[in-house]
Amino acid sequence: MRIEVAGPNRFWIWQETRPVLLAKVARWKYGVHYLRLSGYLPVLPPITAALARTAPAWPHRYASWLTIAPGPLHAGWWSLKPWRPPGPESVWRNELAVDSVGYLDWCAGWNAVVPMHPLPAADHARVKAYRKLAREGVLPPLLLWWVSGLDGWLLLDGHARLASALAEGLLPPMLELSLAPSPGQIDEQIALVMRKDSLIADQLERDRQAGRLAVESAARAHQWHFGAVYAGIPSHPERTRAWPLRGGLLAWQEAAAAAAPPDWPTDPD
């Protein structure tokens, strides 16, 4: 499963033998149009209620499953960690891109989740089983993949679990899969941050000796700046890696023409 790019503003998500999502960035980079296709394959095995109640270390369990799954892992450094919506829960619920065709409006601050297939109904058997787990507080986490080309996340696994949490009015637990900085990148950033901290500490000491800052004020200022500069160590996901789309723009346009509704923007800007 990977991203393949057909020019500066068109790409698709490819899984094994077919595209499963088409995307076109809008003119002036205001947002992105997406078209979800059929054929998406689950990347995790079904999670039973018995397994959920054992409360395993889900990040380790998911990481193990992902190594043999039709998912997005490729050579490089990856992060798999708990994730929460960046805004209020009510806003996140409204921004779930559950429709098969839609527009993610970056200018309006869209920064949420695109499911990879339709959510099952609240009365579906699996959803009802997961609703009980949600009430018990043992619902397994959703698996999200950060895709920088969407400025958001794809829901790779947990569609029934998401439907159960929505039916119960709960925020489901979530794990974010994303590319991470390499150890070398992190070492470089730490070294830069340490140099900045040293310069700030020297300036604060000169201010204290010159009487411009009291000892207590200098200590507080140094503590504040220390936290601020160390917050610059890489913690955000890296940009998602992409490959050239096989067949180029023509292949993308043919896939869009075969599946898109009449008003979907398939033509070049």
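Modeller: Strand 3 and strand 4 run antiparallel, joined by 5 bridges; helices (H or I, at least four residues) and strands (E, at least two) are DSSP runs, numbered from the N terminus. This is a predicted model, where local features need pLDDT of at least 70, side-chain atom pairs count only at pLDDT 80 or more, and totals for chains, interfaces and linings use all residues. Residues are numbered from 1 along each chain as its sequence is written, and side-chain values use heavy atoms, with hydrogens and water left out.

Biologist: Which residue takes a positive phi in the hairpin of strand 3 and strand 4?

Modeller: Most residues other than glycine have a negative phi. That hairpin has 5 residues between the strands. The loop there lies between strand 3 (18-25) and strand 4 (31-36), and the non-glycine with a positive phi of about 65 degrees is Trp28.

Biologist: Is Trp28 buried or exposed?

Modeller: Buried means under 20% relative accessible area, exposed over 50%, and partly exposed in between (1.4 Å probe, protein chains only). Trp28 has a relative accessible area of 63%, so it counts as exposed.

Biologist: How many residues of strand 4 are buried?

Modeller: Gly31, His33 and Leu35 are buried on one side, and Val32, Tyr34 and Arg36 on the other. Strand 4 is largely enclosed by the rest of the structure because the buried count is 6 of the 6.

Biologist: What stands opposite Tyr34 in strand 6?

Modeller: Strand 4 also pairs antiparallel with strand 6 (residues 101-105), over 5 bridges. Opposite Tyr34 is Gly102.

Notes. Two strands pair if DSSP finds at least two bridges between them.
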